[in-house]
Amino acid sequence: MNQNFLKKIKRNDRMARWVITAGGVSIIFSVILILFLITKVTIPLFQDPTKEVYSRTPLPEQLQGQQVLAVGVDDYFENSYLFTDRGTLAFLDAGNAEIRKLVQLSGGAQLNSVTALGNHRYALSWSDEVLSLLELDFPPFFDADGKRTIRYEVKDRTDVAPPDIDEVPMRSLLAGQPGENLTRIDLLQDGRILIGREAVETDLFGNEEQTLSSVSLEEGLGLGISALVADGQGRYLYAGTHDGKLLSWDIGDLEAVEQLDHLQAFSDRRRITALALVFGDISLAVGDEKGGVSTWFPVVGDSGKFQLKKIHVLEPHRSAVTAISPSQRDKSLLSLDEDGIAYLDHMTSERHLLSFFTDTPLRNAALSVRGHAMIAANDQGQLSLWKVDNPHPEVSFKTLFGSVWYESYPEPDRVWQSSSGSDDFEAKFSLAPLIFGTLKGTFYAMIFAIPLALGGAIYTSQFCNARFRQYIKPTVEIMAAIPSVIIGFLAALWLAPLIEDRIVSILLGVLFVPLSFVVALVIWQALRRQDFLKRFDRGYEFLMILPVVVLTAAIVTVAGPLVEQGLFGGNFQLWLYNEAGMRYDQRNSIIIAFALGFAVIPIIFTIAEDALSNVPPSLKAASLAMGASRWQTVWRVMLPSASPGIFAAIMIGLGRAIGETMIVLMATGNTPIIDMNLFNGMRPLSSNIAVEIPEAPVGGTLYRVLFLSAVILFAMTFAFNTIAEIVRQRLRVKYGRF
Amino acid sequence: MRKYLREGEPFVWATAATLALTLIISAVLIVVVLVNGFGVFWPSKLAQVSLTDGQKVMGEIIRTEEHPDGSGLRYQFKTGNRDLYGLDFRWISQEHVTLLEYPEDAVGLERQEYGNFYGYLKAFSLPEGRVEAGSLKQQYVELLPEVQRRMEHLDDLQDEVMVLSRKMQKIDLETQELLYESKNPDVSAVQELGRREAVLKEDFATLLTRQNKAMDGLEAFVGIFVDAAGKEKNIPLSHIVRFYEPNNMNVLEKLVFYLGKLVELIFGEPRESNTEGGLFPAIFGTVVLIFLMSIISFPLGVIAAVYLREYSKEGPVVRLVRIAVNNLAGIPSIVYGIFGLAFFVYGIGGSIDALFFPERLPNPTFGTGGILWASLTLSLLTVPVVIVSTDEALGAIPGGIREGSLALGSTKFQTLMRILLPMASPGIMTGFILAMARAAGEVAPLMITGVVKLAPALPIDGVFPFIHLERKFMHLGFHIFDIGFQSPNVEAAKPMVYITTLLLVLVVLLMSSVAIVLRNRMKKRYTYGTF
């Protein structure tokens with residue numbers, strides 16, 4: 001033979017071997033890679049936040065000798081600023097602390113204290129008892145050459161004169177918005193609180209009317225108030241005392257001030273040293289002399305009244321808490337203690353995120369607006385700037401799976417609510433209701449599917465006439481190919497209204513179909529004595545039973561409304577609500593049982609039928625030859641032999657039901673509730689992904705949590721499928737070529 | 001009797017009953033789809049009722065049922081005329097009806113907007129100087145060619161507008177690119193582009209005036225219609241898609257009407273936020289998607305299976321891989337979808353944008369869902385199906401055939417190409433068809449990788465470079481979900497959902513039936529008798 005030709009063939013063969021081997025291996029491994037890539041997206045959820053010192057600089061020379069009262073920084077590590085006791089506001093370069101601009105805020109008075117109100121807004125308390133509200137801004141602008149410079153400005157400054165009293169207030173603070181309801185609150189030496197408000201109301205025609213009102217609160221008299229805070233809108237006022245009491249007032253309308261709370265918050269009478277409102281102004285953060293930080297919000301108590309209640313306890317400090325400042329982005333809190341150590345904690349997840357400290361104790365600390373930067377000044381006036389990487393503070397194992405007491409909820413709960421209209425919303429990422437939804441839907445679907453599919457498979461493979469068998473199996477297989485979107489659409493838009501209309505018929509059917517089946521059997525026993533009917537006996541049973549089922553279905557359909565009229569006053573849904581307190585949803589678990597069940601029946605049927613048909617016929621022949629009846633043969637011989645295959649069929653069906661998306665998306669109503677009620681819907685993991693992923697910002701917490709739910713879904717189906725596969729492989733080995 | 005129970009005969013009957021129930025449910029599903037789907041286009045008679053309060057209502061009777069308060073029958077009318085009444089449907093109790101008739105001259109109109117119109121043709125309002133003679137119907141027939149000619153002219157103008165706007169868009173992109181690439185761009189080139197754009201803009205303006213004029217000329221042909229109550233409505237003839245008198249049609253005419261609608265369904269563009277008109281973009285999108293999926297998934301699947309069956313050494317590793325592959329076939333499609341989103345769309349697509357189209361950022365080109373990413377995701381989803389079926393087909397070939405071929409001196413590759421693959425081809429084909437059927441019906445992963453409600457352009461068209469893989473697309477399955485669940489008027493959209501469902505069911509059932517027949521034929525050829 002031609003040597004060249006042989007060489008060519010051999011070369012081709014070698015090449016093919018390489019290509020196929022390399023291709024095959026790489027395809028298989030790249031497909032398996034999917035799992036790892038999805039998991040990779042979720043990893044940042046569980047990583048600890050990190051901090052990194054960006055710069056550490058001494059106080060600029062010009063400011064030496066002055067005491068720093070407050071610091072602040074932007075999110076881009078460009079600009080920082082500080083207030084000193086001499087009333088100087090210094091804008092600094094964040095990197096090297098060079099002074100960019102100095103602003104003298106005072107007209108001679110000393111600055112006593114500075115309170116941050118968030119978003120670069122501050123309330124300043126002067127030694128002449130005047131309070132100032134001001135907002136800082138540093139907008140960039142571009143000149144003609146395109147050079148970028150930053151303008152540093154104090155945007156709005158509003159001064160509020162002290163109340164007309166003889167003494168110097170112990171503490172003063174501002175709340176509300178200037179030009180709307182700016183409120184000045186003064187704590188007097190004896191514990192009285194004076195509130196003065198300058199309210200501006202605009203009527204329909206745009207005329208502004210200014211009213212001044214004031215009130216004096218006497219409830220704090222003699223209690224020794226040690227901390228005081230009001231919310232940003234000037235609606236609520238909170239106070240803490242030396243002996244661990246918490247007080248609160250509704251000061252929304254000064255003419256009708258109402259005390260809301262007066263309770264012993266700490267039984268060991270520890271002194272409350274710091275109060276602050278968590279972002280959103282619902283929760284109150286309380287710091288005490290023992291270093292504890294806890295958050296409180298009003299919950300309906302035993303008396304039916306709203307009362308402050310301790311909800312979350314955060315990482316305790318080792319010494320008294322001196323200040324708490326809330327994050328402006330989420331429900332995180334920055335708390336500073338007497339030792340000069342700052343803790344960053346998240347309220348909802350109760351996670352201790354980071355600790356900040358330097359060689360000398362920190363005295364002032366502040367987060368940037370978006371939480372990317374953290375600046376602090378220590379005892380010696382040294383400024384420290386940290387870069388903070390804290391992408392998902394709200395996620396912890398507990399918030400994902402456990403019960404969490406969310407703001408304004410009456411009790412701890414597992415809730416999924418990923419978004420809301422407002423920015424200060426507390427995201428609720430509990431996967432529990434979704435996992436429950438998946439399991440509930442799967443459970444009802446399997447209850448419906450397993451008996452039908454297995455019964456059908458047993459009958460088709462063992463009892464059915466061979467002529468029918470060769471049609472039934474392909475028919476069922478074709479049913480498996482019906483797109484789930486079609487099943488879902490029919491279930492939601494055709495079946496659901498139908499069942500809502502005829503729910504009683506369905507319930508009757510559950511009762512009467514088996515009953516009529518028994519009756520039909522008895523009648524058949526009588527009839528089959530006739531010889532010509534005997535011919536139809538074996539292998540044709542399902543045809544004989546078909547009219548019975550159809551007839552029963554028709555009867556219950558007609559009888560349903562009559563029974564509803566008689567027993568349930570004509571409206572089952574109303575009866576259900578009044579008598580059992582259950583709500584009837586149109587898209588409920590019955591619909592899911594039918595639709596999802598129908599989607600998995602062909603899968604279970606086909607695999608189970610294969611398993612039964614593959615049992616060596618010799619076993620069957622032997623059993624029948626020993627005189628066993630055909631059912632005894634099936635029950636005692638065939639089913640045990642095929643049981644691994646049947647088990648695999650159920651597992652694969654289960655895996656399919658868990659992962660099915662379109663049917664549950666269309667027919668469940670998508671309400672994330674934990675309720676086993678047959679007449680309610682659910683929200684499974686799969687449809688939750690489909691619903692929410694288009695709106696999830698890439699890399700955000702929601703995005704990663706959705707990937708986590710995909711991983712959970714994957715893990716569930718993977719487990720079921722692997723079990724099934726292993727069992728099937730065993731079966732294959734056991735029965736060899738059969 | 002006890003013997004009867006012990007022998008378990010009732011249990012046999014019970015299994016028979018479950019099979020019967022399964023078959024009934026399947027049959028009901030198919031029948032519901034067929035009845036609702038096939039019936040959609042058949043023109044139903046227009047009924048006119050006079051009510052006790054003197055009102056007259058005309059429409060198709062959709063449903064007749066017992067009134068819930070037990071006062072007798074009630075009819076659900078599809079009254080159309082959304083622009084006049086605001087609603088498409090109306091319930092009328094039989095007790096309020098004094099007269100039910102089917103007027104011969106009742107007219108149904110399918111319109112470009114506001115859904116159907118039911119009423120009577122009263123007169124025509126034509127451009128000055130034109131007078132038509134004969135009956136109204138004859139006049140309409142004579143006017144139609146003229147109107148159509150003008151509409152075609154308008155379409156031509158519209159095409160020109162599209163060409164011009166595309167040119168302008170291209171210049172815009174070129175300008176962006178020039179400005180992006182260098183700090184101090186070639187001023188003369190930019191100015192040149194600006195000049196060209198100005199010329200185009202001028203052309204564009206004149207074209208628009210011509211278009212407006214043609215439009216005005218066309219809109220002058222107006223039909224004056226009245227509804228059952230006598231309310232007049234002027235409808236430009238160009239807005240009428242179809243004019244018919246259902247009460248005056250014989251079966252043959254109805255059949256022609258039906259076929260016309262069917263042709264429109266398959267080749268027409270959708271109207272009225274997808275609830276009317278055709279499905280062409282959705283069918284086209286589905287076909288392109290399946291095609292792209294196939295050319296990626298089939299070779300990969302076959303190579304992987306050939307490796308597993310013919311080249312790898314049997315052992316625990318291969319067994320594990322096989323379990324993994326079977327397992328992958330069972331992974332939820334939404335998981336594949338979310339992977340496609342992260343890996344293809346944001347990962348690869350984002351990188352392509354950053355490398356090749358940086359001047360268009362932040363508007364994504366490939367970094368957003370598109371038909372390429374959707375088909376890649378789908379091919380990942382279908383690769384296991386192809387692997388499993390090819391693997392099984394190769395495994396079913398008796399070892400003797402391989403040995404025979406090798407013994408005759410052929411190499412392994414020759415054996416594979418000349419003997420094994422041809423013998424396994426029915427099984428492999430089965431895998432392909434099953435994969436295609438799965439791809440046709442799968443919606444969840446597409447929803448997050450690039451399918452849209454209404455795509456402005458097809459993924460393949462006559463504009464360079466002809467195949468636009470980055471474009472978003474429409475899909476039959478998503479169409480069902482979208483118009484059934486996200487359209488503003490679900491009740492009015494139902495017929496369209498049913499017909500789309502019917503189409504999809506037919507396609508998928510046809511494909512799977514072919515697959516099953518192929519497989520059975522193959523089984524017969526290569527299985528050797530067991531007993």
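This note reviews the predicted model shown above, point by point.

1. Basis of the model. Residues are counted from 1 along each chain as its sequence is written, while chains take letters from A and ligands numbers from 1 in the order in which they are written. Because the model is predicted, local features need pLDDT of at least 70 and side-chain atom pairs count only at pLDDT 80 or more, whereas totals for chains, interfaces and linings use all residues.

2. Confidence in chain A. The predictor's confidence in each residue is expressed as pLDDT, from 0 to 100. Chain A has a mean pLDDT of 86, with 98% of its residues at 70 or more. Helices (H or I, at least four residues) and strands (E, at least two) are DSSP runs, numbered from the N terminus.

3. Domains of chain A. Domain bounds come from an automatic or database domain assignment. In chain A, domain 1 comprises 36–48 + 270–360 + 378–429, and domain 2 comprises 432–735. The C-alpha centres of these two domains of chain A are 47 Å apart. Their contact involves 16 residues from domain 1 of chain A and 15 residues from domain 2 of chain A; two residues are in contact if their C-beta atoms, placed from the backbone, lie within 7 Å. On the domain 1 side, helix α1 (residues 3–46) of chain A contributes the most, with 6 residues. That side consists of 10 nonpolar, 4 polar and 2 charged residues. Here Ala, Val, Leu, Ile, Met, Phe, Trp, Tyr, Cys and Pro count as nonpolar, Asp, Glu, Lys and Arg as charged, and the others, Gly among them, as polar.

4. Contact between the chains. Chain A supplies 83 residues and chain B 77 residues. On the chain A side, the largest share, 19 residues, comes from α1(A). By class, this side of chain A holds 57 nonpolar, 18 polar and 8 charged residues.

5. Nonpolar cores. A nonpolar core is a set of buried Ala, Val, Leu, Ile, Met, Phe, Trp, Tyr and Cys residues joined through C-beta atoms within 7 Å. A residue is buried if 20 or more other C-beta atoms lie within 10 Å of its own, exposed if 12 or fewer, and partly exposed in between, with C-beta atoms placed from the backbone. The largest core has 199 residues, and A:Ala491, A:Ala595, A:Ile604, A:Ala608 and B:Ile338 touch the most other members. Helix α10 (residues 589–613) of chain A gives the most to this core, 18 residues. Beyond its neighbours within four places in sequence, B:Ile338 has contacts that include A:Ile38, A:Phe707 and B:Ile448. Another core, of 93 residues, lies apart and has A:Val68 and A:Val286 among its members.

6. Chain B. This chain has 15 helices and 12 strands. Its domain 1 covers 2–39 and its domain 2 covers 283–474, with 37 Å between their C-alpha centres. The C-alpha trace of chain B spans about 100 × 90 × 40 Å along its principal axes. Buried residues account for 36% of the 531 residues in chain B.

7. An exposed residue. A:Arg538 is in the loop between α7 and α8 (541–567) of chain A. It counts as exposed because 12 other C-beta atoms lie within 10 Å. From C-alpha to C-alpha, A:Arg538 and A:Asn96 are 95 Å apart in space, and they are 442 residues apart in sequence.
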